[in-house]
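I opened this model today to look at a pocket, a helix pair and some rings. Here are my notes, in the order I made them.

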Amino acid sequence: VTLLIRVASYAVGAVTMTIFYLLWRGSEFRSLDPFLVLPLIFMLFFTIGYVIQKSFFNRLVEGPYLTMLLITFAVAIILQNFMLQLYSADPRRINVEYSNAIELGSPNLTIGLPKLLTVIVSSMMVVGLVLFLRYTRTGYAIRAASQNKMAAKLMGINIHEVYAITFAISLALTAMAGA
């Protein structure tokens, strides 16, 4: 089961990278500040992840684990190779106006403002996810379904809905990390 979760997470990352890069490459998102569009990115990719899980992967959940493992791994490989052929593996950079360095305590310790903001926003994302999983009804359902699927079903939890929400959250957080 752990290997299945790893492969599914790998596929989530590949799908996120593909969709986000296509949107960034084919639109005017290049001129927008990456920190200001994070709420938009979360909403967009949450919706995309929910639709993908509900329409495609939920059909595979009840089947054998090996089938889901092979299909998600194949989708990840296909998407990665498609993106490599389409855009090459050249790194790209977004320059923002506030990319100057900040001194922290002493003149020898400096950090760029975008890097500091990245650490702050990433920490807020992790804390938000922990609070969501620990203190919301949906978080309880996600934790219950991950521990024992059959017991969660007997308690009235819609497993397919929980899987769709979990996939959507993971896709949205991966897209935000990519931004």
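**The second largest pocket**

I looked up the second largest pocket and found about 980 Å³ of space in it. On a 1 Å grid over the protein atoms alone, a pocket is an open set of points where a 1.4 Å probe fits, with protein on both sides within 12 Å along at least five of seven lines. The volume is the space filled by probe spheres set on the points. This is a predicted model: local features need pLDDT of at least 70 and side-chain atom pairs pLDDT 80 or more, while totals for chains, interfaces and linings use all residues. Residues are numbered from 1 along each chain, and side-chain values use heavy atoms, without hydrogens and water.

I then listed the lining (an atom within 4 Å of a point). It has 32 residues, and Ile5, Ala8, Ser146, Tyr163 and Thr166 lie nearest the pocket's centre. H7 gives the most to this lining, 8 residues. Helices here are DSSP runs (H or I, at least four residues), numbered from the N terminus.

**H2 against H7**

I checked how H2 (38-61) packs on H7 (159-178): the angle is about 140° and the axes are 7 Å apart. Axes are lines fitted to C-alpha atoms, with angles from 0 to 180 degrees between N-to-C directions.

**Rings**

I searched the whole structure and got 1 aromatic pair (ring centres within 6.5 Å). The ring centres of Phe42 and Phe46 are 6.0 Å apart and the planes are at 25°, so the pair is stacked (under 30 degrees). Phe42 and Phe46 are 4 residues apart in helix H2, so about one helical turn separates them.

Conventions: Helix = DSSP H or I, 4+ residues; strand = E, 2+ residues; numbered from the N terminus. Phe/Tyr/Trp six-rings, centres within 6.5 Å; stacked < 30°, edge-to-face > 60°.
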